[in-house]
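Here's a quick tour of a structure, taken one piece at a time. Have the sequence and the model open as you read.

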Amino acid sequence: MLEHSSYQAIWLSIKLAFVVTCILLLIATPIAWWLSRSQSIFRPILEAMVALPLVLPPTVLGFYLLVAMGPTGILGQLTHSLGLAPLAFTFTGLVIASILYSLPFVVQPLQTAFKLVDTELLEAAATLKAGPWTRFFTIVMPIAKPGFLTAIVLGFAHTLGEFGVVLMVGGNIPGNTRVVSVQIYDYVEALEYGKAHELALFLLIFSFLILLALYIFNRKAVTLHV
Amino acid sequence: MFKKINLVFKLVAVIELCFTVNISHAEEAIIAVASNFSAPMKALVPLFEQESQHRIQATYGATGKFYAQIKQGAPFDALLAADEATPQLLMDNQLAVNTSQFTYAVGRLVLWSNNPALIDGSPQILSSERYKHLAIANPKLAPYGLAAKKVIANLGLTAQVDNRIVMGENIAQTYQFVQTGNAELGFVALSQVIKNGKIELGSYWQVPSELHLPIKQDALLLKKGAQNEAAKTFLTFLKSAKARAVIQSYGYNL
């Protein structure tokens with residue numbers, strides 16, 4: 001039913017969302033943990049910085065990323081001095097842009113979930129000689145599980161639906177940076193509404209199924225614990 | 001008492017006069033304008049408003065979006081499109097006034113780089129290994145992109161260039177790719193890089209217009225504005241020598 005280029009775009013979007021969500025979990029967990037526990041005066045500053053990507057319109061954020069990735073930009077000079085290829089118009093560039101763009105959607109649910117973890121419980125575990133990793137995996141993770149689920153869903157869905165940032169730094173290269181949202185937009189702009197409808201419907205159904213599966217899984221997991 | 005009534009009558013007469021003047025002379029039109037034409041439009045509107053009582057409100061955007069909005073009843077009186085296909089389509093869909101379509105500007109293509117040493121006034125660079133990314137507008141969406149594709153094909157360079165092409169959704173984004181240096185060079189609109197009649201920054205090759213079909217930008221009066229004097233007068237003004245001189249100074253042919 002769909003064209004080859006559409007399947008390519010769908011696959012690329014899923015790959016991007018998957019990679020970004022995995023990396024974000026690794027980055028966001030320590031940030032969220034620190035934000036939920038720290039009494040430091042720097043906490044509000046970091047909190048505000050994490051929320052900043054929400055403020056700028058995605059195309060504007062994308063524009064500044066494009067400027068930063070250019071030969072005279074911060075990221076461009078960094079990659080150059082490290083002997084790496086420039087980031088613009090590459091899948092790696094999209095991953096980095098998406099991490100920045102989706103960061104608050106992963107950090108905030110985790111932060112809220114971590115706040116619910118009782119400090120006394122952790123201290124009790126510590127007196128029983130449980131190391132920090134053991135405490136994290138046996139106490140924090142189970143308690144914060146719904147928070148992790150929300151973070152994964154939001155991070156994944158937000159990256160899947162990402163458009164403005166990718167549009168600005170991607171360069172619309174099939175199989176590399178032409179994600180599904182850009183492909184749908186292209187159809188709409190080319191007035192090929194039929195194809196746009198098909199692809200949008202496919203994306204909606206697919207996303208619904210993924211979200212549904214995650215929530216069913218979560219419900220089961222929660223009931224098992226109780 | 002008599003005086004007071006007289007005064008009221010006079011006041012009513014004055015108010016009435018205001019309204020009649022408004023209706024018969026000064027009207028306001030909302031005109032949808034292709035983003036690539038925003039700079040000349042901003043120069044043209046004050047010129048027009050100097051010699052006319054009518055007022056123009058311009059909205060800038062992508063032609064494809066305007067088409068979708070007009071189909072859904074957007075309140076635009078006229079459209080200055082970035083192509084000739086969209087106005088034609090509006091005509092076919094009976095959303096525009098018959099015979100009102102005309103070409104108000106013809107876009108010119110230029111191969112441009114923000115590096116002053118890269119392009120030597122010829123297309124030679126295209127076949128070299130001295131660049132990684134060539135930016136063009138998406139040929140499926142933007143007439144400038146289609147023209148760029150045609151130029152590359154006519155130069156016989158498709159195979160050498162194809163895997164280095166990055167596409168902007170429109171010509172504005174294509175310009176950003178090149179301007180920020182992420183793409184070393186790209187086919188952009190002359191109107192984007194021309195200042196005071198010449199290209200002052202970077203290096204370029206002015207593409208001869210024989211290498212591609214003319215990038216015609218058409219304007220037309222929409223059904224909504226069929227009775228709008230401001231829109232009609234503005235479209236006539238666009239064809240005047242005065243307006244054409246302004247349009248040309250921004251890098252368009254006519």
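How many bridges join S5(B) to S8(B), and do the two strands run parallel or antiparallel? Four bridges join them, and the strands run antiparallel.

## Ground rules

This is a predicted model, in which local features need pLDDT of at least 70 and side-chain atom pairs count only at pLDDT 80 or more, while totals for chains, interfaces and linings use all residues. Residues are numbered from 1 along each chain as its sequence is written, and chains are lettered from A and ligands numbered from 1 in the order in which they are written.

Helices (H or I, at least four residues) and strands (E, at least two) are DSSP runs, numbered from the N terminus.

## The sheet in chain B

Chain B has an open sheet of five strands with mixed pairing, in the order S7-S6-S8-S5-S11; two strands pair if DSSP finds at least two bridges between them. S7 (165–168) and S11 (203–206) are the edge strands, each pairing on one side only. From one strand to the next, the twist averages 30°.

S6 (residues 134–137) and S7(B) run parallel, joined by four bridges; B:Leu134 has B:Ile165 as its bridge partner in S7(B).

S5(B) is largely enclosed by the rest of the structure, because five of its five residues are buried (20 or more other C-beta atoms within 10 Å of a residue's own; 12 or fewer would be exposed, anything in between partly exposed, with C-beta atoms placed from the backbone). B:Leu109, B:Leu111 and B:Ser113 point one way, B:Val110 and B:Trp112 the other.

Helix H5 (residues 143–154) of chain B lies across S5 (109–113), S6, S7 and S8 (185–189), running at about 130° to S6(B). Helix H7 (residues 171–179) of chain B packs on the sheet too, touching S5, S6, S7 and S8. The direction of H7(B) makes about 145° with that of S8(B). Axes here are lines fitted to C-alpha atoms, for helices over the stretch in contact, and angles run from 0 to 180 degrees between N-to-C directions. Contact means that the C-beta atoms of two residues, placed from the backbone, lie within 7 Å.

## A helix pair in chain B

H2 (residues 38–51) and H10 (residues 241–249) of chain B pack at about 155°, with axes 9 Å apart. They are therefore roughly antiparallel (over 145 degrees; under 35 is roughly parallel, 65 to 115 roughly perpendicular and the rest oblique). H2(B) contributes B:Pro40, B:Ala43, B:Leu44 and B:Leu47 to the contact, and H10(B) contributes B:Lys242, B:Ala243, B:Val246 and B:Ile247. By type, that is seven nonpolar, no polar and one charged. Nonpolar covers Ala, Val, Leu, Ile, Met, Phe, Trp, Tyr, Cys and Pro, charged covers Asp, Glu, Lys and Arg, and the others, Gly among them, are polar.

## Chain A and the interface

Chain A comes to 11 helices and zero strands. Its C-alpha atoms fill a box of roughly 65 × 45 × 30 Å along the principal axes, and 35% of its 226 residues count as buried.

The contact between the chains takes 15 residues from chain B and 18 from chain A. On the chain B side, H3 (63–71), S7 and H7 each supply at least two residues. That side divides into six nonpolar, seven polar and two charged residues.
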